[in-house]
Amino acid sequence: MKKVGIVMGSDSDLPILRKTMDTLAALDIPFECHVYSAHRTPEEARDFALNARHNGFGVIIAAAGMAAHLAGAIAANTTLPVIGIPCKGPCFDGMDALLSTVMMPSGIPVATVAVNGGVNAALLAAQIIAVSDDALAARLDAKRASDAAKVLEKDAALQAELNK
Ligand code: RP5
């Protein structure tokens with residue numbers, strides 16, 4: 001199976017990416033995780049993107065906050081699908097990172113998930129890999145069914161409490 005590459009602009013983004021890693025691990029998807037910054041280590045970020053396909057990656061998840069150019073900078077150097085996670089920083093409730101990540105010019109797409117959307121980034125990466133992996137697609141179906149069952153359990157508990 002192709003690996004998922006996870007890149008974050010700073011280790012301060014790690015709490016968001018832990019959710020990404022946990023979700024990928026639960027689905028038995030191999031991944032590799034790095035701290036590379038579009039601004040502080042531009043050469044390392046560029047090299048990672050340029051070599052990602054050759055190094056066995058199928059999708060790259062890039063997470064950054066503030067002036068969040070990392071996903072775009074990665075996408076500029078690979079035609080692998082790139083998923084951007086805007087991370088909420090100290091100002092503007094994450095709107096700075098959201099706009100910096102999502103507003104890509106035509107020609108260089110970044111599939112942007114919600115602010116701090118670490119779980120959905122992993123699930124979207126899984127769905128991309130599952131296009132050519134039926135076993136993974138089945139695991140995703142099972143997760144959807146299990147997640148739905150949990151919601152219905154909560155509804156049943158609420159109904160029981162309200163209708164005492
Ligand atoms: C961004 O700047 C990082 O992705 C992080 O979200 C933010 C702050 O980085 P640190 O100052 O915590 O290293 O590049």
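## An aromatic cluster

Tyr36, Phe48 and Phe57 are linked into a cluster by ring pairs. Two aromatic pairs occur in the structure. Rings of Phe, Tyr and Trp (its six-membered ring) pair if their centres lie within 6.5 Å; planes under 30 degrees apart count as stacked, over 60 as edge-to-face and the rest as tilted. This is a predicted model: local features need pLDDT of at least 70, side-chain atom pairs count only at pLDDT 80 or more, while totals for chains, interfaces and linings use all residues. Residues are numbered from 1 along each chain as its sequence is written, and side-chain values use heavy atoms, with hydrogens and water left out.

Tyr36 and Phe48 make a tilted pair, 5.9 Å centre to centre with 50° between the planes. This pair links distant parts of the chain. Tyr36 sits in the loop between β2 (31-35) and α2 (42-51), Phe48 in helix α2, twelve residues apart. Helices (H or I, at least four residues) and strands (E, at least two) are DSSP runs, numbered from the N terminus. The rings of Phe48 and Phe57 have centres 5.2 Å apart and planes at 55°, so this pair is tilted. Phe48 is buried, and Phe57 is buried as well. Buried means under 20% relative accessible area, exposed over 50%, and partly exposed in between (1.4 Å probe, protein chains only). Phe48 counts as buried because its relative accessibility is 9%.

Lys3 lies in strand β1 (residues 3-8) and Glu32 in strand β2, so the pair ties together parts that are 29 residues apart in sequence. Lys3 is partly exposed, at 22% relative accessible area. Glu32 is partly exposed, at 29%.

## Other salt bridges

Side chains of opposite charge can pair when their charged atoms come close. A salt bridge is a side-chain nitrogen of Lys or Arg within 4 Å of a carboxyl oxygen of Asp or Glu. The whole structure holds three salt bridges.

One of them joins Lys88 and Asp93, with the closest N and O atoms 3.6 Å apart. Lys88 is partly exposed at 48% relative accessibility. Asp93 is exposed, at 60%. Another joins Asp147 and Lys143, at 3.0 Å between the closest N and O atoms. These two residues are four apart in helix α6 (residues 134-162), so about one helical turn separates them. Asp147 is partly exposed at 31%, and Lys143 is partly exposed at 28%.

## Around the ligand

Gly9, Ser10, Ser12, Asp13, Arg40, Ala64, Gly65 and Met66 surround the ligand. A residue is near a molecule or strand if one of its heavy atoms lies within 4 Å of it.

Ser10 places a polar side-chain atom 2.6 Å from an oxygen atom of the ligand. A polar side-chain atom of Ser12 lies 2.6 Å from a ligand oxygen atom. For Asp13, an N or O atom in the side chain is 2.6 Å from an oxygen atom of the ligand. Taken alone, the ligand exposes 360 Å², and the protein buries 71% of that. Accessible areas come from the Shrake-Rupley method with a 1.4 Å probe; for residues, only the protein chains shown count as cover.

## Two positive phi angles

Phe92 has a phi near 65°, a positive value in a residue other than glycine. Phe92 lies in the loop between β4 (82-87) and α4 (95-102). It is exposed, with a relative accessible area of 63%.

Asn116 is not a glycine, yet its phi is positive at about 65°. Asn116 is in the loop between β5 (111-112) and α5 (118-130). At 27% relative accessibility, Asn116 is partly exposed.

## The overall fold

The protein has six helices and five strands. Along the sequence, they follow the pattern β-α-β-α-β-α-β-α-β-α-α. The C-alpha atoms fill a box of roughly 60 × 40 × 30 Å, taken along the principal axes. Of the 164 residues in the protein, 38% are buried.

Definitions and conventions: Polar contact = N/O pair within 3.5 Å; in protein donor to acceptor, adjacent residues only side chain to side chain.
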